[in-house]
Protein chains: 2
Amino acid sequence: MTIKQVSEIYNISQDTLRYYEKVGMIPTVNRNKSGIRDYTKQDLDWVQTAICMRNAGLPVDVLVEYLKLYQQGDETFKQRLELLKNQYDKLLKQREQINQTLEKLDYKISRYEIAVKTGKLSWD
Amino acid sequence: MTIKQVSEIYNISQDTLRYYEKVGMIPTVNRNKSGIRDYTKQDLDWVQTAICMRNAGLPVDVLVEYLKLYQQGDETFKQRLELLKNQYDKLLKQREQINQTLEKLDYKISRYEIAVKTGKLSWD
DNA sequence: TCTTGACTTGGAGTGCACTCTAACTATTAA
DNA sequence: TTAATAGTTAGAGTGCACTCCAAGTCAAGA
């Protein structure tokens, strides 16, 4: 599968796909005889996971570290587990921040709904 | 209240507080006769809100726009409402991304918990 | 054969959100 | 009186994650 197809499937730029590979966030993709990337099913799994993790805000260097450990083989299960738990905890905290902000916004929004109707913003 | 105190209360650098003010994310803080910031209760409310919003990932320029509308008075209720709703929707989507990633991580973590015990990573 | 278009690379450039620096001023303690 | 401390400003620098660019290669079609 070509980089163009992958970029269309996941709605991500070809530049970003090449960048992810260059920095080591996903494994090196095999090239055909003329040097062009040919993504396999496994490559797509890595791409998908990388995009998912990045969308949630995991830092690139952490994902690079994860791939490095992965490529070092079975000796690194424990380190990989620690890394994943760590990121899990950080995401829980981030979600909590978002929830707090959603609450605040919800409150403000309800006040503005009234303000738009009445022309007055209450208690402020 | 001095910038040092504010920075300690909210655990944010003085530089960042000055930056938020400079770019217009919070209103200008009054200075005493020797030009030193003296944060009022209202200033603190703005600071707290700014930090909350930034922690959830709202962009600086959006918060600047909000303050600008706020300072334009009652004519901008509708625009402020739109802005807030917009950010609310974006945060909902971001939370959804985080939830997806948490699920993925949870799955991986449980596999690695077993892998660490057995020395083998299953089905992969 | 020539051109078009899709790909390749290394490396430079961009946008965001701080973060740091230098030069300066005012207040306080020794 | 002097020195240390805590603040001020404008503006430069940093780190992250892309994003763009230039120069080149290759395969297919006119």
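**Close-up 1. Buried residues of helix H4 in chain A of the predicted model.** In this predicted model, the residues of H4(A) that are buried are Val60(A), Val62(A), Leu63(A), Val64(A), Tyr66(A), Leu67(A) and Leu69(A). These buried residues pack against helix H2 (14-23), helix H3 (41-56) and H5 of chain A, and also against H5 of chain B. Helix H4 of chain A covers residues 60-71, and its end C-alpha atoms lie 17 Å apart, which agrees with the 16 Å that its 12 residues should span at 1.5 Å a residue. After H4(A) comes Gly73(A), which has a positive phi near 90 degrees.

**Close-up 2. Helix H4 in chain B and the elements that cover its buried residues.** Helix H4 of chain B (residues 60-71) consists of 12 residues, and the distance from its first C-alpha to its last is 17 Å, close to the 16 Å expected at 1.5 Å a residue. Buried in H4(B) are Val62(B), Leu63(B), Val64(B), Tyr66(B), Leu67(B) and Leu69(B). The cover over these buried residues includes helix H5 (77-118) of chain A, and from chain B it includes H2, helix H3 (41-56) and helix H5 (77-118). Gly73(B) follows H4(B) and has a positive phi, near 90 degrees.

**Close-up 3. The contact of helices H1 and H2 in chain B.** Helix H1 (residues 3-10) and helix H2 (residues 14-23) of chain B have axes that come within 9 Å and cross at roughly 105 degrees.

**Close-up 4. Asn11 in the loop between H1 and H2, shown for each chain.** In chain B, Asn11(B) is found in the loop between H1 and H2, and although it is not a glycine, Asn11(B) has a positive phi of about 55 degrees. With a relative accessible area of 72%, Asn11(B) is exposed. In chain A, Asn11(A) is placed in the loop between helix H1 (3-10) and H2, and Asn11(A), which is not a glycine, has a positive phi of about 55 degrees. Asn11(A) is exposed, its relative accessible area being 71%.

**Close-up 5. Aromatic pairs, within one chain and between chains.** Over all chains, a search of the whole structure finds 8 aromatic pairs. In one of them, the ring centres of Phe77(A) and Tyr112(B) are 6.0 Å apart and the ring planes stand at 55 degrees, so this pair is tilted. Since Phe77(A) belongs to helix H5 of chain A and Tyr112(B) to helix H5 of chain B, the pair joins two chains. Phe77(A) and Tyr112(B) are both buried. For Trp46(B) and Tyr70(B), the ring centres are 4.9 Å apart and the planes are at 80 degrees, so this pair is edge-to-face. Trp46(B) in helix H3 of chain B and Tyr70(B) in helix H4 of chain B are 24 residues apart, and their pair links distant parts of the chain. Trp46(B) is buried at a relative accessible area of 17%, whereas Tyr70(B), at 30%, is partly exposed. In chain A, one aromatic cluster is formed by Trp46(A), Tyr66(A) and Tyr70(A).

Close-up 6. Leu81(B), a residue of helix H5 of chain B, is buried, with a relative accessible area of 5%. When residues up to four places away in sequence are not counted, Leu81(B) touches Ile109(A), Tyr112(A), Glu113(A) and Val116(A). Leu81(B) and Thr101(B) are 20 residues apart along the chain, and 30 Å separates their C-alpha atoms. Arg111(B) is also placed in helix H5 of chain B, and its 8% relative accessibility means that Arg111(B) counts as buried. Between the C-alpha atoms of Arg111(B) and Gln100(B), which are 11 residues apart along the chain, the separation is 17 Å.

Terms used
Residues numbered from 1 in each chain as written. Chains lettered and ligands numbered in written order. Predicted model: local features only at pLDDT ≥ 70, side-chain atom pairs only at ≥ 80, totals over all residues. Heavy atoms only, no water. Axes fitted to C-alpha atoms, helices over the stretch in contact; angles between N-to-C directions. Helix = DSSP H or I, 4+ residues; strand = E, 2+ residues; numbered from the N terminus. Expected span 1.5 Å × (residues − 1). Buried < 20%, exposed > 50% of the residue type's maximum accessible area, 1.4 Å probe, protein only. Contact = heavy atoms within 4.5 Å. Phe/Tyr/Trp six-rings, centres within 6.5 Å; stacked < 30°, edge-to-face > 60°.
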